[in-house]
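The structure is shown first.

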Amino acid sequence: MRKASIGTVLFAALVLMSFSAAPAQTTETVTVTGQHAMRVGSYKGIHWVYDRFDRLPESARKDLSLHFLGDILPDHAVPSEAHVVLHAKGGDIPLFVGQDRDMHFPRSDALLAENPSVLLTLPPDRKVQLELAIEVAPLPTPSFTKEQAGVWMGEINAAIRDFFGVILAFLAPDAHRLKVDVAPGARFEAVENGTARLLVDNQGGTPYTYILRPQDYQSGTVFRSDRPFSMIRVKVPTNEFFTLKRKK
């Protein structure tokens with residue numbers, strides 16, 4: 001099996017299995033009106049991912065934070081329309097609110113002990129897709145260098161070694177790309193040896209995601225925007241998207 005293929009299986013398995021690997025749920029009765037609510041996971045499954053990230057060495061995550069970004073397919077509606085909730089004893093807790101695509105996952109010992117189900121409400125022709133996003137801490141100014149990008153990607157590679165150990169990490173692909181969300185109305189450029197090259201001119205009304213491979217640029221290159229970045233993510237070296245599916 002090729003190096004990248006093995007790494008993809010290993011890395012994806014950690015996240016995908018975590019949503020279903022928690023102990024089996026006891027039988028429960030869910031009363032809903034309108035569309036049927038589907039069980040798509042458990043609190044412990046999602047909590048494990050956040051907790052495992054927090055236990056990485058500081059050197060592997062000091063500039064980074066873990067997020068799950070939601071999208072409803074095929075129409076790309078905001079995930080709050082799917083009514084993704086923790087079905088807790090004290091009442092349903094929404095994981096997506098309003099226009100925000102970032103999952104808001106509450107972490108507490110009480111919820112961990114209760115381990116409520118994760119439910120969503122959608123017709124069969126629509127589904128919720130989640131992106132495992134490793135965000136770079138917001139920058140004081142909308143610019144960064146090739147060398148800074150190398151530090152961020154190095155942290156992800158250190159995290160992979162921490163997850164799998166040195167031997168298995170040797171089989172996993174390294175992180176090589178950034179996902180730069182260029183703000184509406186912004187211009188994103190690469191400046192090499194004093195010469196600016198336009199990469200994105202976002203004239204749309206929503207952020208535009210540009211996949212950047214810093215290794216393709218000379219040392220000292222500065223990547224800059226004339227507006228703050230909506231988000232910068234290190235592209236996980238595997239398929240970072242997965243779908244919330246019905247659990248038995």
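At 18% relative accessibility, Ser-80 counts as buried, because buried means under 20% relative accessible area, with exposed over 50% and partly exposed in between (1.4 Å probe, protein chains only). Ser-80 lies in the loop that runs between β2 and β3 (85–88). Beyond residues up to four places away in sequence, Ser-80 touches Phe-96, Val-97 and Gly-98, where contact means heavy atoms within 4.5 Å.

The model is predicted: local features need pLDDT of at least 70 and side-chain atom pairs count only at pLDDT 80 or more, while totals for chains, interfaces and linings use all residues. Residues are numbered from 1 along each chain as its sequence is written, and side-chain values use heavy atoms, with hydrogens and water left out.

**Overall fold**

The protein chain has 4 helices and 14 strands; these are DSSP runs numbered from the N terminus, helices being H or I with at least four residues and strands E with at least two. Of its 248 residues, 46% count as buried. Among contacts between residues at least 6 apart in sequence, 77% join residues at least 24 apart.

Helix α2 (residues 43–54) has 12 residues. From its first C-alpha to its last, α2 reaches 17 Å, close to the expected 16 Å; the expected span is 1.5 Å times one less than the number of residues. The buried residues in α2 include Tyr-43, Ile-46, His-47, Tyr-50 and Phe-53.

**Core**

The largest nonpolar core has 56 residues, and Phe-144, Leu-178 and Phe-188 have the most contacts inside it. Such a core is a set of buried Ala, Val, Leu, Ile, Met, Phe, Trp, Tyr and Cys residues joined through side-chain atoms within 4.5 Å. Helix α4 (residues 146–171) gives the most to this core, with 6 residues. In soluble globular proteins, nonpolar side chains tend to be buried together.

Leaving out residues up to four places away in sequence, Phe-144 touches residues including Trp-152, Leu-178, Phe-188, Phe-223 and Ile-232. Trp-152 is placed in helix α4 and is buried, with a relative accessible area of 5%. Among the contacts of Trp-152 outside four places in sequence are Asp-63, Leu-64, Val-136, Phe-144 and Val-234. Trp-152 and Ala-137 are 15 residues apart along the chain, and their C-alpha atoms are separated by 9.9 Å.

**Largest pocket**

The largest pocket holds about 490 Å³ of space. On a 1 Å grid over the protein atoms alone, a pocket is an open set of points where a 1.4 Å probe fits, with protein on both sides within 12 Å along at least five of seven lines; lining residues have an atom within 4 Å of a point. Grid points are joined across faces, edges and corners, and the volume is the space filled by probe spheres set on the points.

This pocket is lined by 18 residues, and those closest to its centre are Leu-69, Arg-101, Asp-181, Thr-209 and Arg-233. Strands β2 (64–73), β6 (127–136), β11 (208–212) and β13 (231–234) each supply at least two lining residues. The largest share, 4 residues, comes from β2. The lining divides into 7 nonpolar, 6 polar and 5 charged residues; Ala, Val, Leu, Ile, Met, Phe, Trp, Tyr, Cys and Pro count as nonpolar, Asp, Glu, Lys and Arg as charged, and the others, Gly among them, as polar.

**Backbone geometry**

Most residues other than glycine have a negative phi, and most peptide bonds are trans.

| Site | Angle |
|---|---|
| Leu-73 to Pro-74, cis peptide bond | omega near 10 degrees |
| His-83, not a glycine | positive phi of about 50 degrees |
| Asn-193, other than glycine | positive phi near 50 degrees |

Pro-74 lies in the loop between β2 and β3, and the place of His-83 is also in the loop between β2 and β3. His-83 counts as partly exposed, at 49% relative accessibility. Apart from neighbours within four places in sequence, His-83 is in contact with Leu-119, Leu-120 and Thr-121. Leu-95 is 12 residues from His-83 in sequence and 8.0 Å from it in space, C-alpha to C-alpha. Asn-193 is found in the loop between β9 (187–192) and β10 (195–201), and counts as exposed at 66% relative accessibility.
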